[in-house]
Amino acid sequence: MNDTVSRTGRVERTTKESTVSVELDLDGSGRVEVDTTVPFYDHMLHSLGTHAAFDMTVRASGDIHIDAHHTVEDTAIVLGQALRQALGDKTGIRRFGDAWIPMDETLAHAAVDVSGRPYCVLTGEPEQYNTFSVGNNYPFVLNRHVFESLAFHAGINLHARVIHGRDPHHITEAQYKAIARALRAAVEPDPRFAATVPSTKGTL
């Protein structure tokens with residue numbers, strides 16, 4: 001990988017439902033600033049950036065007087081687009097990554113392939129929490145929307161699973177941290193692929 005190449009992304013998106021901007025540096029040190037007006041989501045995105053070791057600035061506002069859904073999902077879309085932009089042609093990356101994250105009674109696992117072929121599989125979330133809002137501002141069911149939007153707009157294959165868990169806060173946070181650590185491993189430079197793309201096809 002050419003050390004002079006900047007692996008950064010900057011994307012803005014405005015709709016009738018939200019306004020979102022994301023700046024992302026894959027080679028950062030976990031410096032994160034987040035304000036989406038959804039407090040628990042801010043907490044999760046801060047964890048994501050910190051544990052992925054990304055420098056990340058996220059600003060979002062939207063129609064949360066109706067529901068948090070639009071702002072949360074649209075932010076995930078823009079974050080995915082910024083990640084895809086920052087990855088460039090993916091020369092010199094490890095491509096694959098996975099992580100196990102325990103959080104008290106919860107255990108979550110995530111695996112990522114930065115393949116250019118978007119796919120998302122999410123399993124193991126307890127169905128009884130589908131009507132629950134963490135912190136009274138982040139509906140638990142939005143996890144799926146966030147992870148799917150991130151995967152499809154970043155062009156990555158993402159599998160996340162909850163092995164076991166009882167607390168919806170812990171379950172959600174463990175998933176975000178597992179995805180962060182998997183992404184960190186997948187996008188980091190691999191000196192053995194320094195000048196090539198890690199694919200038998202020659203492109204990702």
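Author: What follows covers the cavities and then the helix contacts. This is a predicted model: local features need pLDDT of at least 70, side-chain atom pairs count only at pLDDT 80 or more, and totals for chains, interfaces and linings use all residues. Residues are numbered from 1 along each chain as its sequence is written, and side-chain values use heavy atoms, with hydrogens and water left out.

Reader: OK. How many cavities of 30 Å³ or more are there?

Author: The count is 2. A cavity is a set of points on a 1 Å grid over the protein atoms alone where a 1.4 Å probe fits but cannot get out. Points are joined across faces, edges and corners, and the volume is the space filled by probe spheres set on them.

Reader: What volume does the largest cavity have?

Author: About 50 Å³.

Reader: And which residues line it?

Author: Tyr41, Leu45, Leu48, Ala76, Leu79, Val146, Phe147, Leu150, Tyr176 and Ile179. Lining residues have an atom within 4 Å of a point.

Reader: Which helices supply at least two residues each?

Author: H1 (39-52), H2 (69-87), H3 (142-154) and H4 (168-187). Helices are DSSP runs (H or I, at least four residues), numbered from the N terminus.

Reader: What classes are in that lining?

Author: It has 10 nonpolar, no polar and no charged residues. Ala, Val, Leu, Ile, Met, Phe, Trp, Tyr, Cys and Pro count as nonpolar, Asp, Glu, Lys and Arg as charged, and the others, Gly among them, as polar.

Reader: What about the second largest cavity: what volume?

Author: About 40 Å³. Its lining is Leu24, Leu48, Phe54, Met56, Leu79, Leu83, Leu150 and Leu183. That divides into 8 nonpolar, no polar and no charged.

Reader: Switching to helices. At what angle do H1 and H4 cross?

Author: Roughly 30°, and their axes come within 7 Å. That makes H1 roughly parallel to H4 (angles under 35 degrees). Axes are lines fitted to C-alpha atoms, for helices over the stretch in contact, and angles run from 0 to 180 degrees between N-to-C directions.

Reader: Left-handed or right-handed crossing?

Author: H1 passes H4 in a right-handed crossing. Right-handed means the near helix is turned clockwise from the far one by less than a right angle. By class, this contact (heavy atoms within 4.5 Å) has 9 nonpolar, 5 polar and 4 charged residues.

Reader: How far apart are the axes of H3 and H4?

Author: They are 11 Å apart, at an angle of about 10°. That makes H3 roughly parallel to H4. Asn143, Val146, Phe147 and Leu150 of H3 meet Thr172, Gln175, Tyr176 and Ile179 of H4. This contact has 5 nonpolar, 3 polar and no charged residues.

Reader: Last pair. At what angle do H1 and H2 pack?

Author: About 20°, with axes 12 Å apart. H1 and H2 are therefore roughly parallel to each other. H1 passes H2 in a right-handed crossing.

Reader: Which residues make that contact?

Author: Tyr41, Leu45 and Leu48 of H1, with Thr71, Val72, Thr75, Ala76 and Leu79 of H2. They divide into 6 nonpolar, 2 polar and no charged.

Conventions
On a 1 Å grid over the protein atoms alone, a cavity is a set of points where a 1.4 Å probe fits but cannot get out, and a pocket is an open set with protein on both sides within 12 Å along at least five of seven lines; lining residues have an atom within 4 Å of a point. Angles under 35 degrees count as roughly parallel, over 145 as roughly antiparallel, 65 to 115 as roughly perpendicular and the rest as oblique.
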